[in-house]
Amino acid sequence: MGLILEQVNKTVEGEMHLADITLDLASGSRNVILGRTLAGKTTLLRIMAGLDRPTAGKVLMDGQDVTGISVRKRKVAMVYQQFINYPSFTVFQNIASPLQISGVNKKTIREKVMETAKLLHLEDMLDRMPAELSGGQQQRVAIARALMKDSQLLLLDEPLVNLDYKLREELLEELTAIFKKRDCVVVYTTTEPSEALKLGGHIVIMDQGRVLQTGPTSQVYRNPASVDTAQLLSDPPINLFDAVLKDEALTLGSDLAIPVTPPFASLSSGQYRIGVRPNHLYLHRQSPEDMKIESTVEISEINGSETFIHFLYSGYKTVLHEVGIDSRKIGSDITVYMNPENFFVFSKKGELLISPNRPNTRSQGDLNGTNLSG
Amino acid sequence: MAQICLDEIAHSYLPFPKTDEDYALKRIHNIWNDGGAYALLGPSGCGKTTLLNIISGLLKPSKGRVRFDETDVTELPPEKRNIAQVFQFPVLYDTMSVFNNLAFPLKNRGFDKAYITSRVTEIAKILELETVLHKKAEGLGADAKQKISLGRGLVREDVAAILFDEPLTVIDPQLKWQLRCKLKEIHEQLKLTLIYVTHDQVEALTFADQIIVMYEGWIVQIGTPQELFEYPDHKFVGYFIGSPGMNFLPCIMENDGVRVGRFHIPVDEKTAALGKKATGRLELGIRPLYLKIHAREMADSFQVPVQSVEDQGSCQVVTLAFSEHRIKARIAENDPAPESMAWVSFPKEWIRLFADDQLLK
Amino acid sequence: MKKWQDNKGWLFILPVFLIVAFSAIIPLMTVVNYSIQDIFGPGQRIFVGTEWFKETLTDPRLHEALWRQLLFSGLVLLIEMPLGIAIALTMPTKKGLGASLCLVLVALPLLIPWNVIGTIWIIFTRPDIGLMGALINNMGISFDHTASGLHAWITLMLMEVWHWTPLVILLAYAGLRSIPEAYYQAARIDGASAWAIFKYIQLPKMRGVLTIALLLRFMDSFLIYAEPFVLTGGGPGNATTFLSIYLVKIAVGQFDLGPAGAFSLIYFLIVLLFCYLFYQVLLNVGKGEAS
């Protein structure tokens, strides 16, 4: 049971918008569609909802072919980027509106509205008008309305993109909890890898109208099928280096020789691409196998509790993700350590060959946060 | 470039403000240094845009004076203040080429052609706009457009300050990053006074040397990213900076520590002394990053139930039930995730006490 | 970008299609039918092919009327467009009582029926008792639109400008209001003069509404009938005999339905052609590489 898309294609005026999308989204699952702007996320969502018809392919809902059926006859709820509410209705009426149309009795409506309002912390503002609410509250009302419907499919198209980051963080956490309790198919689109990771569940990575990879989010994160998925699901982007394996020696960049230890032993001579996530580069030696590289800081970016240090390593743009605050002057020297254990190895064409063993490759038994700042 | 002095500024949008509530800006008294990079950070409605408009001259404050160096500019309109501003959405002259857009402020001020050409070319090079100089501005991407807006500020050598009003709102995340680096680079290169308004902590903390955190019309803290993170002056700063925000636990002083529900948490002498002197509602604050999770019992650790563990890729966030409160701890990607129960400890050096929302120090 | 592909959508426009068919297409076909026949009376008609078209196209009186009409429309556009924009620029920018009052005052002429307008101006410009006519004559200038062709033209132009400039004002004002405040702020900071603001911000941003204003004003003035009919009846002489007045003279006055039909079609095609030209020009203004 759930939503199945079979070989869905969408062409508009000869231009390909979606190509061969085949997806199987189970009931009760949380699915995040991740991709840059114009990757085809919204187009796909509209086809799922029944707002658009695919040029070719089938859409099945709980085993039934719904391809040509209009949105009104499907049990679909949708939340948009913009905060869309009925401006002349109170918050209560807004939330109640999906039920009023279907003619449920007043008492049941009141109970359900109260329950949903509580879930989204709207119980104190039921009598207000949407225009009197802040952006975050308006979007909560829109989400509450979507939740009121007993829908098989709940679609959210970048619902948090227009909110302040702190509100986004809070609402995302609440939404994750709410989604976990629903037994409908939840589909959520976003451009931000961090949002996809926080929501968890399943991920669909899209690029230029195609699906690159699907699977449970943490699995895809740890085994990205290609360089492209690794890049899309990493913020800041994953570090990539060209490497050459010749005469039993793997050389990364211009001169960094990597010992060909067990994980790499299976590789034959040739060219490869090596990926290392920014949080696997360290400013302090973590283990004896660490390789040392030296460079100068291009910029150090700080988000409230983390620092991203950008530098060039033999011509490659490289980022180090450090926990804690570490303002460094542009141009200052840094020494960076990385462990080949953490390397993703991709073929020259970008397909994944080896991914690091996880989790707990270097657990210290007692985890008192070895890589904290200080 | 100039030093900016805000002398007892207050502003209300109402004609006859009475109470504090009527003021969008309560009382701002500050001096911002020449060549500094400042960020005004806060949620929507905190007054940051009001303050920016007062500096640019688009608004005249209800009270107080604005001075650039020694000149009182309170009464001067924006065009007489020698400031430049980059807006939330790219503001361009659609019918002009990129070159003419950049040259516009200079042409208006009557500079000669040779100077304009050389100056525009120089700025275009810094902003990496040389290749599109003779294209129309209309058809370019949002990031290029925003660079042009910035360029119109940079071409003038006499600007006292460049003001940014959430300039990266319309930019794709991948490009945001590049523009942020560019901006920082320009600041290092040209040593301009830059004032940047944003609700995004990454933008603020990356960009600025000094962050001005605003909340409900007040400046709640001015400090470096490190200061905001380690010593948030106000609960709001602790909550707003960092992801997830700081944990706060209502507590009372008890012997050499504090009591939270059924737990006694030891604190260091200095903190204890501060706590004993303080009056008002007392709370303990600690960053999720500094909480330690152990698989077995350690000194001063408390056994609590684990509510959830979120795998966020580069880290894991553990939610714990602590007495009747909920706290979050952030652990590394490779750390083993605790199961139903975990031992948590509070390192003394990272415990902060707050009385009535203010940090004790 | 995205087009509705549900075929049921066509059902919804069927009623409109039928109404348009009855109100426009069928009458138009009737006109086409007339234009190729010579009609003597009910049931008495012969097919004449393109003869009426030939006759109409070579009619010197029609040529005169066409030039007169073009001159009239050209002058109307030349006066009303800049005037409308200029007045819109001076209107209050902030929402409030002032702006609302201005809008109501400006829109007043638009609310008066067209034939009433003609009557108002007849009285207004009468040399003996009209407020304007008497005033000018008292200043020692002889002014009478029933006697002098030039005076008739001046009166007509004044009336047309008074009546229709408000439409341009309203459209231009709406266009101006939709420009975000940030553009003005940026321009002030860039040190732009009022003229530069107008040229580089206001005018380009108003292009859409001005195109509409121009098209509407051209069509209306090119098809003008009621006002000159009431005011001057096409005279003195033929001084204000515009295309539509001449057409009515042929069709109703002389009852030459065939030539009138041909004339109507030609008239229709001329309007269509001009609208197309204006539209294309305005659509492409400012496109392509910048200078």
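Q: Before the details, what are the ground rules here?
A: This is a predicted model, in which local features need pLDDT of at least 70 and side-chain atom pairs count only at pLDDT 80 or more, while totals for chains, interfaces and linings use all residues. Residues are numbered from 1 along each chain as its sequence is written, chains are lettered from A and ligands numbered from 1 in the order in which they are written, and side-chain values use heavy atoms, with hydrogens and water left out.

Q: How is chain B divided?
A: Chain B has domain 1 (4-239) and domain 2 (243-359); such bounds come from an automatic or database domain assignment. Taken over C-alpha atoms, the centres of these two domains of chain B are 38 Å apart.

Q: And how many residues does the contact between them take?
A: Domain 1 of chain B contributes 12 residues and domain 2 of chain B contributes 14 residues, where contact means heavy atoms within 4.5 Å.

Q: What area is buried there?
A: About 1,200 Å² is buried between domain 1 and domain 2 of chain B, with carbon and sulfur atoms giving 55% of that area. Buried area is the accessible area (1.4 Å probe) that two parts lose on being put together, summed over both.

Q: Which residues of domain 1 lose the most area?
A: Phe229(B), Glu230(B) and Lys235(B) do, and together they account for 48% of what the domain 1 side buries against domain 2 of chain B.

Q: Which residue forms a salt bridge with Lys235(B)?
A: Its partner is Glu283(B), and the closest N and O atoms of the pair are 2.9 Å apart. The count between the two domains of chain B is 1 salt bridge, defined as a side-chain nitrogen of Lys or Arg within 4 Å of a carboxyl oxygen of Asp or Glu.

Q: Which helices supply the domain 1 side?
A: Helix H7 (225-230) and helix H8 (235-240) of chain B each supply at least two residues of the domain 1 side that touches domain 2 of chain B. The largest share, 4 residues, comes from H8(B). Helices here are DSSP runs (H or I, at least four residues), and strands likewise (E, at least two), numbered from the N terminus.

Q: Changing topic, how many residues are in contact between chain C and chain B?
A: In this interface, 21 residues of chain C are in contact with 25 residues of chain B. The buried area between chain C and chain B is about 1,900 Å², and carbon and sulfur atoms give 56% of it. Arg188(C), Ile189(C) and Asp190(C) supply 35% of the area that chain C buries against chain B, more than any other three residues.

Q: What does Asp190(C) form a salt bridge with?
A: Asp190(C) pairs with Arg152(B), the closest N and O atoms being 2.7 Å apart. Across the interface of chain C and chain B, the rule finds 3 salt bridges.

Q: Last one: is Val185(A) buried or exposed?
A: Val185(A) counts as buried because its relative accessibility is 1%; buried means under 20% relative accessible area, exposed over 50%, and partly exposed in between (1.4 Å probe, protein chains only). Val185(A) lies in strand S8 (residues 185-190) of chain A.

Q: Which residues does Val185(A) touch?
A: Not counting residues up to four places away in sequence, Val185(A) touches several residues, among them Leu3(A), Leu25(A), Met61(A) and Leu153(A).
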